[in-house]
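The points are grouped by topic for reading alongside the sequence and the coordinates.

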Amino acid sequence: MQEQDKRAVESMCRCGLDLEGVINVFPSLPREEIAAIYKSVRGRDTDANGESSISINCS
């Protein structure tokens with residue numbers, strides 16, 4: 001998988017899609033690599049309690 005492909009997969013993982021949704025977006029990429037990226041991104045974006053560590057200021 002090329003670096004550009006990896007960044008695209010990471011972006012889709014952050015959009016809130018589940019793993020199957022991300023795999024469906026990239027049918028030509030290896031499922032195993034997509035799953036590894038998905039787990040990595042989702043692990044980085046959650047805290048110890050499994051909550052999202054991303055905050056949004058709506059003011």
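Is Leu19 buried, partly exposed or exposed, judged by its relative accessibility? Leu19 counts as partly exposed, because its relative accessibility is 23% and the buried class requires a value under 20%. The model is a predicted one, and the protein chain in it has three helices and zero strands.

**Confidence and overall make-up**

- The protein chain has a mean pLDDT of 82, and 75% of its residues reach 70 or more.
- Confidence in the protein chain is highest in α2, at 93, and lowest in α3, where the mean is 89.
- Read from the N terminus, the order of elements in the protein chain is α-α-α.
- Of the 59 residues in the protein chain, 24% are buried.
- The protein chain has an accessible surface of about 4,300 Å², and carbon and sulfur atoms account for 49% of that surface.
- When contacts in the protein chain between residues at least 6 apart in sequence are considered, 40% of them join residues at least 24 apart.

**Nonpolar core**

- The largest nonpolar core consists of ten residues: Val9, Cys13, Val22, Ile23, Phe26, Leu29, Ile34, Ile37, Tyr38 and Val41.
- At least two residues of this core come from each of α1 (3-14), α2 (19-25) and α3 (31-44).
- Helix α3 supplies the largest share of the core, with four residues.
- Cys13, one of the core residues, is buried, with a relative accessible area of 0%.
- Apart from neighbours within four places in sequence, Cys13 has contacts with Val22, Tyr38, Val41 and Arg42.

**Surroundings of Leu19**

- Leu19 belongs to helix α2.
- With neighbours within four places in sequence set aside, the contacts of Leu19 are Ile34, Ala35 and Tyr38.
- Leu19 and Ile34 are separated by 15 residues in sequence, and their C-alpha atoms lie 8.1 Å apart in space.
- Ile34 and Tyr38, both among the contacts of Leu19, are also members of the largest nonpolar core.

**Salt bridges**

- The structure contains three salt bridges.
- Side chains of opposite charge can pair when their charged atoms come close.
- Glu3 is paired with Arg7 in a salt bridge whose closest N and O atoms are 2.2 Å apart.
- Both Glu3 and Arg7 are in helix α1, at a spacing of four residues, or about one turn of the helix.
- Glu3 is partly exposed at a relative accessible area of 43%, and Arg7 is likewise partly exposed, at 41%.
- Arg7 also forms a salt bridge with Glu10, with 2.8 Å between the closest N and O atoms.
- Glu10 and Arg7 are separated by about one helical turn, because they are three residues apart in helix α1.
- Glu10 counts as buried, since its relative accessibility is 14%.
- The remaining pair is Arg31 and Glu20, whose salt bridge has its closest N and O atoms 3.2 Å apart.
- Because Arg31 lies in helix α3 and Glu20 in helix α2, this pair ties together parts that are eleven residues apart in sequence.
- Arg31 counts as partly exposed at 44% relative accessibility, and Glu20 is partly exposed with a relative accessible area of 40%.

**Cysteines**

- The count of disulfides is zero.
- Cys13 takes part in no disulfide, and the nearest cysteine sulfur, in Cys15, is 8.9 Å away.
- Cys13 is buried at 0% relative accessible area, whereas Cys15 counts as exposed at 58% relative accessibility.

Notes. Residues numbered from 1 in each chain as written. Predicted model: local features only at pLDDT ≥ 70, side-chain atom pairs only at ≥ 80, totals over all residues. Heavy atoms only, no water. Core = buried A, V, L, I, M, F, W, Y, C linked by side-chain atoms within 4.5 Å. Buried < 20%, exposed > 50% of the residue type's maximum accessible area, 1.4 Å probe, protein only. Contact = heavy atoms within 4.5 Å. Salt bridge = Lys/Arg side-chain N within 4 Å of Asp/Glu carboxyl O. Disulfide = S-S within 2.5 Å. pLDDT = per-residue confidence, 0-100. Areas by Shrake-Rupley, 256 points an atom, 1.4 Å probe, with all protein chains shown as cover.
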